[in-house]
Every structure is written in structure tokens, then in C-alpha cells.
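Please consult the sequence and the structure shown below while reading.

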Amino acid sequence: MAVTPALITEFRNIVGKENVLTEEADRQTYAYDAAVLTPVVPALVLVPVTQEALGKTVKLAYDSGLPITVRGSGTNLSGASIPEPGDGVVILTNRLDKILEINEQDLYAVVEPGVVTARFAAAVAARGLFYPPDPGSQSVSTLGGNVALNAGGLRGLKYGVTKDYVMGMEIFDYRGELVKTGSRTVKCVTGYNMAALMSCSEGTLGVFSRLILKLVPPPKASRAMLAEYDDINKASETVAGIIAAHIVPCTLEFLDNNTIKYVEADTKAGLPVQAAAVLLIEVDGGHERMVEEDAAKVVEVCKKCGCTDVRMAKNAEEKLKIWEARRNALPALARARPTTVLEDATVPRSRIPEMVAAVNRIARKYRLEVGTFGHAGDGNLHPTFLCDRRDKEEFRRVEAAVDEIFDVALGLQGTLSGEHGIGMAKAKWMEKETNRATIEFSKNLRRALDPKMLFNAGKKFL
Amino acid sequence: MPDTATESGTRNVKRLASMLLELDDLLIACMRCGFCLSTCPVYGATMREGDVTRGKIALLENLAKHMISDAQSVNDKLNRCLLCGSCQAICPSGVKIMDIFLRARAIVTGYLGLSPLKKLLFRGVLARPKLFNSLLGLSSALQGLFIKKTGGMETYCAPLLQSFIGNRHFPPLAKKPFHSRAPSLNIPAEAGKPGVAFFPGCVSDNIFPAVAEASLKVLQKHGVGVFMPSGLSCCGIPALASGDRPDYDRMLRNNLKCLRGASFQYLLTPCGTCTATIREFWPMLADDYSPAEKEQIRELHEKCMDISAFVIDVLKVELPAASNGGPVVTYHDSCHLKKSLGVAAQPRSILKSLPGFSFAEMPEADRCCGSGGSFTLRHYDLSTDIGQRKRDNIVSVKANIVAAGCPACMMQMMDALSRNNDKIKVRHVMELYADTL
Ligand SMILES: Cc1cc2nc3c(=O)[nH]c(=O)nc-3n(C[C@H](O)[C@H](O)[C@H](O)COP(=O)(O)OP(=O)(O)OC[C@H]3O[C@@H](n4cnc5c(N)ncnc54)[C@H](O)[C@@H]3O)c2cc1C
Ligand code: SF4
Ligand code: SF4
């Protein structure tokens, strides 16, 4: 159905006049997200500021047959919040940003979906507790977006990802009815585990209106280390060795030689540009002594596996310095060329050397610049292609290279995406990773919850 | 408003688009990561994508590619920006955002024509310092007639001006501006001490002459030679922000003329905004200047420095150890000082050393206060919302005094505090330091 003046008036009555954006210039600023994809300008942008208005907005949009794309901060890298063509509307949840409860006794919090991740983490920390999921975008991303994409982060290996912290939620279904699932208790077996289903749903099953999130006590001590390698296989053996020693670092990050060179060129921080790879390792825990012992063991493993150098940070300042290389990885790559295509292929951690070798081979084949960094502990790599999207021919080569990388990742028993999501970018690949039956099953499920296929229809499964 | 794009037809839209295409290389660097959403004060107040850099860059791209025909609405969005530089400071992709905004404003405004009010302000007044000063002198004499005192502070609410500037609690113009007391200066340096040129800046000159005087006292107490020519104009940022390149160029050239030939090692200002303009914007927009002018701009870029940075980094003044107890001083990081110039530690060391005061760090000390020249005039409600967050942060540490290194921020914070009836003083770092000398 088309967006008529009468319909606009109805939306205005629900969310308030100023919260229905109809001007071309306003709508154009909701046509994109952080994925390098063609923008689609929405027909309307609706900004509910109360729970009640959110439900009514969903209902009216759905009843009117308008394709709906929910948007938090629009930082996802898969096109999951790019509006649908043909009168698609955006429902923006960033103004639903109240932290409703932080319960220190029962270790949970209740929030609205628009709360920014870092603001939440800080509020929780101020109460002496810890919310571990820390996507690189946490200073901007919303918790709703995190849940809808099951966002990961640097701490994934030890602390898990967003879905591991979702205890329950309230969702508006396609009729604008409020659905509740999960609870404030650690144990809960009533009903289906719908919160799990909703984690990673990419706005295709319903609209979150409230989230119950698990909190944990913070670690009391931590140690950070940096190890250099002349051979990426040795770095990989180190990762295996650390896990085999029954140590689970909270972060175990990896930069390849290309990335190190880009960071060094950009920051002149004195990084080892000859190194084939560096590992950045942090261990944490509840006791200073235990953490120290773990750190010593990690250093031992690094040496045994043939690292050329390993350093442990002596104080907070040195720790910050060690992490600077990782923090600068994306900025350094992003500054090198106009367009940055940040990929997300993930393989079992033992296959990282094969994956990195394949990425570099593919980049050479397509004459492209690439740097690979990522989460060595969980095999989640970010091969990052550098290009200029205005150069159509070059960009076609990037697309071909990315396709080939997916093939390799699947061949290594990996997955298309570890944390960035499927969205529009990778929907066509879903069948290759799974099979036809999986797609059909998912679509049946989806049709039951979204009979008119209006929730982010072009995303996730085609 | 003069003709808009729609009325002037497609030919003009095309011309605008081709000028904008020149910006393309700068615009393409934005990777749409959205990190600017986390620091932009305007976005923080409205939560609208069109108010933040990522949205503005998308619109400029669309304008350049003829994907949007309504240049006026893009211009309106561009103007909802304080040019505070917060976004540029955190942009992982290194997008030259200030460069983009200033060029785009110049292009779009040149195209749409200045509003009559701006024309009056910039063409006629700011560019001719003599006229500017006498006009302000006149209004300073007149304002007592129609401005009534409110609140506990030395700020006034102007019912007559209200329709134009909202319900603003602004400080009155000084009875005697700094330049009428000190039209020009040429104080020799003590042996072994550096000689500097002093650039007071419009706001210190006309609204806070005490800031300029405190700065001079500090310099003299430390034996620094001070040169200040007469006839300096505004640093040009208000004109630049309005996209008025012709008047900006006139002011810059006048300043170059006043400073030409004089010998000094540093150019000091007590205003973060002036320092950032001289150091960053002057060289950035010097494409059309003569080689000699470019060279002078480059020299001034190297010599220009914030005064508190000068006290700490150049004079290496030995400060007494931090004292405890006494009234609480907190510090607001002016965006231009911290984000453009990296000046953050120096003013804090000065404040921490003040005898008889205790220093408290406020939350979000480096979040923009919402002051932005004509932004404040045009988007007063928005500016007030942004100021309120700053005010809440100041109050949260139970401050008695809030210090800053930029008179424009001082005005904004006075306004925010006064409208909440807070009895918190706003002072320049140099004023507090000068009191101890
Ligand atoms: C520089 C950079 C670094 C990043 N680092 C990481 C990282 O380390 N780990 C990681 O996992 N991701 C990362 N991301 C990706 C992205 O930030 C995350 O996916 C984040 O979770 C998106 O949150 P958002 O609020 O921006 O959501 P959006 O992008 O607005 O939306 C994402 C999805 O969530 C849906 N959605 C949003 N709100 C709701 C709601 N209330 N109800 C239902 N559905 C909703 C949308 O429809 C969409 O499908 C990064 C992105 C960038 C640009
Ligand atoms: S932070 Fe920089 S790259 Fe990211 S969206 Fe903003 S301007 Fe673009
Ligand atoms: S300069 Fe300041 S106000 Fe303008 S877009 Fe950047 S952060 Fe926002």
C-alpha cells in the first residue's frame, strides 16, 4: 500500500507530529547503514518514543501493508537496517533509551532496546557489575541492534556473545501485540525459548520493546601480553597451546603482517613490520595470583611455540599501549583507501593459517589490497579489503574476492559470518552454508510470525 | 530569503552540484560507521541522523549526484552544527570533516545568498573593525535602557531582543571593551624571555575584557614581551561558519596586514576558538592566497598557541603542589582546545595548583557545551538543550567555579547556569591563575 496523507496523519497521531519524518532530506539519512551497499530511501521514518507508541506504530504499518525495517543506530555491516524498496518504512528505536532496572541482588537489568551499549556497560559498572559483550561499535550501537544481530566482541572467547546475556524480552508481534518470553530468573522453562530465537533475528520476526539482560561480577585482575611471530602457523599453535593448557583468555586477538604494516604506516608506533603475525592476549579473573600464574603460563606457551618476542604489560599505561595496535587496526586500514569492505568469515580456530593464506592468495589474484585482523581465539577473522567504491571495475573485483572467501571459509567448515550478520549482503549465500531444507524451515517459521512478509523481507533468507 | 534552488531552475542546481563534486574526494572517505553519533552534541540532543556528520555527508553526496534537488533543506541541516570538531576527533576513517563542512557551507551559502541579517553583520560590520567597535560601543551604552537584570549572576535577559535570540541569559557587553583601554601594545621582553603577539579575540575584547587583562597580567608577571597591533579584526570563524568566504577573506587579510613585519616568537590567544581558527582553518582554506600570504599563514600557524599551553609548555612555570579543600573548581574542555589542539593537561595543571581551591573532574568534561556563534542564535532551543547537559555535569561535582579556556564556552555556560539559578561562577583559566600572581 502506498503512503497516503491520511496514513501520515494516523502515524502522527500515534507518535506525535515531529516524530514522523517525511521530508526528502530527512528520509535520505536513513537510507544506509555501515555496509557498503546501495542505499534505499524509506518512504517514512517513524520515531516512537514510548512503548505504547511502538506497538501501535508496528500495528498500523503492518496493517497498512508497509514493509518494515527496524533501526537502532544503523551501524551493522550487512545491510540489515537498509529499508526495503517500495514504500518501505523505518521504525527507529533509538529514542526508547531508558535503563529501567539494574538489579544488583539478582544480577540482571531491564532495558529498552535503544540504550547505547557503552552507556549501559558504564551504568552497570558504576554499580559494581559487568556486562561483557563489547562490539567494536559499542560507543554507538544499541542493545536492540546487538541482540538482533547477536553481536560479538573482543571478549567473546571467555565471556560469550550477546545471546549469552539475553534472559528474556518483550516483543511486539505483527499485530502490535505484546509477547513476553524468558524471565528475571536464571532458570526458566516456561514456553519456547523465544528470546534465543529472537537473538540474531535481524528484525525479521518482531520488534523488541524490552530486554532482560544478564549481568556478572567483574574480574578483579587482568594481564595483557603481546607476542610476535615470524610464521603465522606458530601463532596458531600458540592459540591451540593456550587452550590446551586450560586457560581461556578474555581476549585473544590477531593482526596479520599486512595489517601491522598499515598500522605502523599510520601511527609510527614502532610495531614489528617484519612479523608475520602478532597475538594480543589478555587473561583476567577473580584472583590476582591466579591471573599472574595464567599469564606466566601463556608467556611460556608463546615461547614454546616459537614466538620471536613476547612482552607483558607492567602497568595500566603499558596495557593501553599494547592494545593500541589492535584499536588502530581498523582506523589504519580505513584511512589507507576511501572504501573499506570489512568482512567477517569465521573458521574453526585451528584453520586460521589456512584462511589467512587463502585471503592473501585471493587478494593477489584480484589485485586488491587487504589486511586481516580479528579474534584468533574464536576463529572470527576480519579480512578487510581496501578500495574506492567509485571505481566500478575495482569494486567488482572486491565482490568477486569476497565471494571466493566465503567459498574458502565454508570449505574449511567455517561460517559466512561470525558476528556481522547476514542482512542483504550475504542472504544469497545462506543455502550454500546450510541446505534447501534449512531455508524452507526458516521461511515457514517466518511466515507463521510474519504472514505478509513485511518484516525486513529482503534480509536473512531469500 | 533569496531565491532557492527550486526557483532558479536546473541550471543552477547543476552548477552547485559541480562545485560540490569537488568535495567528492573528501566525502568518499566516510565509511558510514556511525562513530560520530557517539560524540556529536547536536545528535545527542535530537537523536536525528540528519543532525550528525554521517547524515550530513550522505546528503552532500546526494546533492552532488543530483539525487536531491532541495539545496535549501540540505543547507538547513548543514547549519545545525556547532563546528565543534568532536566528530572529526573520533572519526576512525580520518575524514576531514571540518574541511568538508566549511567548504560546503561556502558553496551552498554562496549559492543561496546570505540572509539579510548575516549580510549586515559580516559585510558591513565585522570586516571593518572600527565600525564594529563603535557599533558595539553604542549598543553597550544603550543596553542598560532596555535590558533588565535577572537571576543571581551578572547576566541579563533581554525581553526586547527575545524574539530574535530567544530567552537568552547573556552577559552584558562590557562598558569599556578591552581595545579601548589598550588599543595597541608593545611591551619589551625581559632578558631571556620570549616575545609574543597577543590576539585577544572578539569575545574577550567586547564581553570579557577581564580575560584579556588577566592574560596580559600573566604574561607581564613572567616577563614576556607583548606586541599587539591596533586594528586587528575577528579571526573570521563566524563568517566562515556562515559560508561567507568574501568577508572571511577580508578579515583574514586585514589580520595578516596588522601582524606583518612584526617580530614575535609566538602568537597567543586566550580563546580556544581563535587559536583553532588560526592554526587549522587559516591554512586549510588558503588555496587562493598569494605565495607571500600563504607563507605568513604558515608561520602564524606554527606560532599560534593557546595561552595556558604557553604558560606550561614554553614558560615551564613551576606551579605549587595541588592543594586540598576550599571552593571546588571544575574544568570544561572547549572542543577547539582539546579536540583540535590537544590542549587538555595544561589548564588542568594550572587549576590543580591554585592555592585555596580544590579541583574536581566533571563527567563528560570534553563534551561540547553547545556554544557555536550563530548556531546559538539560530538554534537557540537546541543550544539550550545541549547546554543543560553540560550544566548538569558541572553541578554533579558540586562545583563553585567552572573554568574554561574559551570565552565563547564561558558565555554558553553562564547562560545554562543562570537559567537554572545556579550560583556557580564561570571563569577563564587565566583569570584564576592571574589572581594568584
Ligand atoms: C566500526 C564497526 C565495528 C563493529 N564491530 C563489531 C563487533 O566487534 N562485533 C559485532 O558483532 N558487530 C560489530 N559491528 C556491527 C554492528 O555495530 C553491530 O551489529 C551492532 O549490533 C548493530 O547495532 P545497531 O544499533 O547499530 O543496529 P542497526 O544496525 O540499526 O540494526 C541491526 C539489526 O537489528 C535490528 N534491530 C534493531 N533494533 C531492533 C529492535 N528493537 N527490535 C528488533 N530488531 C531490531 C535491525 O532491524 C537490523 O536488522 C561493527 C560495526 C562497525 C561500523
Ligand atoms: S565517524 Fe567518520 S567515517 Fe564514521 S560515519 Fe562519522 S564521518 Fe563517517
Ligand atoms: S562539528 Fe560538532 S556539532 Fe558539527 S557534526 Fe561534528 S560533532 Fe556534530
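Into which domains is chain B divided? In this predicted model, chain B comprises domain 1, spanning residues 4-112, and domain 2, spanning residues 319-435.

## Domain contact in chain B

The C-alpha centres of domain 1 and domain 2 of chain B are separated by 30 Å. To their contact, domain 1 of chain B contributes 17 residues and domain 2 of chain B contributes 14 residues. Between them, these two domains of chain B bury about 1,200 Å², of which 63% lies on carbon and sulfur atoms.

## Domain contact in chain A

Chain A is divided into four segments: domain 1 (5-92), domain 2 (99-214), domain 3 (221-329) and domain 4 (337-450). A distance of 28 Å separates the C-alpha centres of domain 1 and domain 4 of chain A. Their contact involves eight residues of domain 1 of chain A and 13 residues of domain 4 of chain A.

About 770 Å² is buried between domain 1 and domain 4 of chain A, with 70% of this area on carbon and sulfur atoms. On the side of domain 1 of chain A, the residues that lose the most area to domain 4 of chain A are Val36(A), Leu77(A) and Ser78(A); together they account for 64% of what that side buries.

## The site of ligand 1

Which residues are the closest to ligand 1? The shell holds 36 residues, and the closest are Val70(A), Thr75(A), Asn76(A), Ser137(A) and Thr142(A). The site is shared between chains, because residues from both chain A and chain B surround ligand 1. Within chain A, domain 1 (5-92) and domain 2 (99-214) each provide at least three residues of this shell. By class, the shell around ligand 1 consists of 14 nonpolar, 19 polar and three charged residues.

The side chain of Thr142(A) places an N or O atom 2.7 Å from an oxygen atom of ligand 1. Backbone N or O atoms also take part: one of Gly152(A) is 2.8 Å from a ligand 1 oxygen, and one of Gly145(A) is 3.3 Å from a ligand 1 oxygen. Of the 970 Å² of accessible area that ligand 1 has on its own, the protein covers 97%. The elements of chain A that supply two or more residues to the shell are β3 (68-71), α5 (143-149) and β9 (207-214). The largest share of the shell around ligand 1 belongs to α5(A), with five residues.

Which residues come nearest to ligand 3? Of the 14 residues around ligand 3, they are Cys40(B), Cys81(B), Leu82(B), Cys84(B) and Cys87(B). The shell of ligand 3 contains ten nonpolar residues, three polar residues and one charged residue. At least two residues of this shell come from each of the chain B helices α4 (41-46), α5 (53-64), α7 (86-90) and α8 (97-112).

Conventions:
Residues numbered from 1 in each chain as written. Chains lettered and ligands numbered in written order. Predicted model: local features only at pLDDT ≥ 70, side-chain atom pairs only at ≥ 80, totals over all residues. Heavy atoms only, no water. Near = heavy atom within 4 Å. Polar contact = N/O pair within 3.5 Å; in protein donor to acceptor, adjacent residues only side chain to side chain. Areas by Shrake-Rupley, 256 points an atom, 1.4 Å probe, with all protein chains shown as cover. Helix = DSSP H or I, 4+ residues; strand = E, 2+ residues; numbered from the N terminus. Nonpolar A, V, L, I, M, F, W, Y, C, P; charged D, E, K, R; others polar. Domains from an automatic or database assignment. Contact = heavy atoms within 4.5 Å. Buried area = accessible area lost by both parts, 1.4 Å probe.
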